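Here are my notes for your review. Please read them with the model open.

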Amino acid sequence: MNVWDRIIDASKLPNISDFSTVYDMNENEEMEIKESGKPTLEQTVEILHLVAVLDSESAIILPNGFTYRVDARTVRKNVRPIMLKRIRTKREAIEQEITPSKLAREKIEKMRFRYQIKPETLREDYAGINFVGITDKKIKNYLISDAIEGYLHAKNASSLIEIQRWDTLESLLKERKYQERLSFQEKLALKRVTMRKEILKMGSRKKTLTEVPEKPRRIILTREAVRVAKKVPSTSERGKFYKEIRFRRLPEVFPDNEYPELNKEFYAAWTDFWIEPPCTCQDKTWFISYIRPNQVWYCIHEIAAFRKALSMDWQEGRPVTYPDPYIATSPFLRLSQDYINYYMKWKKQVFIKKRNSYQHLAKVYLDIWPEKQVRRGKIELL
């Protein structure tokens, strides 16, 4: 199977006729949902359990009234983001060694405790991970379902995702606009690089006089490093690519740890990671109508490209970019296999009836319902 066949195959969803056994929950009087989109606690627990025990040959038709209308206004009214703990300063992030997975585990424990104290809270709907940049103060969001799909797309489409590195002084010299944001010390280091390049061109042996001080050089590299996704294939349209997605302010680390105070900055840097220009897929259009000012949404293609950039920096659990820095962490959570398996059941084996046809759930529900099983403590998120 070639790469495009694998990509398209991964995007296909089965029809209800593909399953040998179909359980229609509308035939159970106890599963009648009286308030649209709001199953009772008992119904919620029953639905979660039935999906969990589905075998690969079985499907479920959810009861009428299971969904509410999925549009930006309704989703904003009914669904909350999973808000990770707000970290106020770089110092706080470094002292507490803050990572996305650490904050996510802390948040899930709080949500589980609240559910244990008050089980009725399981009916509340959550979708997406939400965190705030320490420096830029922007509110960053992505769907858990997109984190999964981006991870899987990176595996399926790896050979078609092209990543370009911009993390050397030579490449920075070509990007003049970056120099406007550098400190005096950093500009001095760049000037010395320029002088060295000119001296070397003239065949001089005095290069030791114009060597770049190592610490300022590393500051420049870790603060100004960029990865550019030259092209990322569509998840569903054969031959289509999204191009020139640029990752900035990467959370990077040097392998030798000669300057540990610089390496530790990645604990804060991941919150300020941003993408400019971003992907131009249709999901972005929907998110724009959903989000408020000062918010950012990341899509599947951006997450897939970032995963490819990570894989280029690591092999067999070790950084492979020495002496250049490598990406030390990702703002996009790597979900547990149990969570992915449960998510896939909701994606492929769960249907709702609309008029005379059976349809799969809208994307937002693929975040909402697997998360409830995490809150119950039946599966782990990470």
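1. A definition comes first. A nonpolar core here is a set of buried Ala, Val, Leu, Ile, Met, Phe, Trp, Tyr and Cys residues joined through side-chain atoms within 4.5 Å. Buried means under 20% relative accessible area. The model is predicted.

2. The largest nonpolar core has 87 residues. Leu62, Phe66, Tyr142, Leu335, Tyr339, Trp346 and Leu361 touch the most other members. Take Leu361: beyond its neighbours within four places in sequence, Leu361 is in contact with Leu62, Phe66, Thr67, Trp346, Val350, Ile352 and Leu366. A second core of five residues is separate, and includes Ile16, Ala59, Ile61 and Phe351. In soluble globular proteins, nonpolar side chains tend to be buried together.

3. Now the sheet. Four strands form an open sheet in the order E1-E2-E15-E16, and the pairing is mixed. Strand E1 (21–24) and strand E16 (357–360) are the edges. Each has a single partner strand, so one side of each is left without a neighbour in the sheet. From one strand to the next, the twist averages 35°.

4. Which way does E1 pair with E2, parallel or antiparallel? The sense is parallel, over four bridges, with E2 covering residues 58–61. Tyr23 stands opposite Ile60 in E2. Asp24 has Ile61 as its bridge partner in E2.

5. E2 also runs parallel to E15, and two bridges join them. Ile60 has Val350 as its bridge partner in E15. Val350 is also among the contacts of Leu361.

6. Check the two faces of E2. Ser58 and Ile60 point one way, Ala59 and Ile61 the other, and all are buried. Ala59 and Ile61 are among the members of the second core.

7. What handedness does the β-α-β unit of E1, H2 and E2 have? The unit is right-handed.

8. Helix H15 (residues 337–348) lies across strand E15 (350–354) and E16. H15 runs at about 25° to E15.

9. Ile47, Leu48, Val51 and Ala52 in H2 meet Tyr342, Lys345 and Trp346 in H15. Trp346 is also in contact with Leu361.

10. Val45 deserves a look. Val45 lies in helix H2 (residues 41–52). Its relative accessibility is 24%, so Val45 counts as partly exposed, because that class lies between under 20% and over 50%. Not counting residues up to four places away in sequence, Val45 touches Leu122 and Arg376. Val45 and Arg376 are 331 residues apart in sequence, yet 9.0 Å apart in space, C-alpha to C-alpha.

11. Compare Ala147, found in helix H6 (residues 144–156). Is Ala147 buried or exposed? Ala147 has a relative accessible area of 2% and is buried. Leaving aside neighbours within four places in sequence, Ala147 is in contact with Tyr142, Ile303, Leu333 and Leu335.

Notes: Residues numbered from 1 in each chain as written. Predicted model: local features only at pLDDT ≥ 70, side-chain atom pairs only at ≥ 80, totals over all residues. Heavy atoms only, no water. Pairing = 2+ DSSP bridges. Axes fitted to C-alpha atoms, helices over the stretch in contact; angles between N-to-C directions. Contact = heavy atoms within 4.5 Å. Buried < 20%, exposed > 50% of the residue type's maximum accessible area, 1.4 Å probe, protein only. Right-handed = clockwise from strand over helix to strand, strands pointing away.
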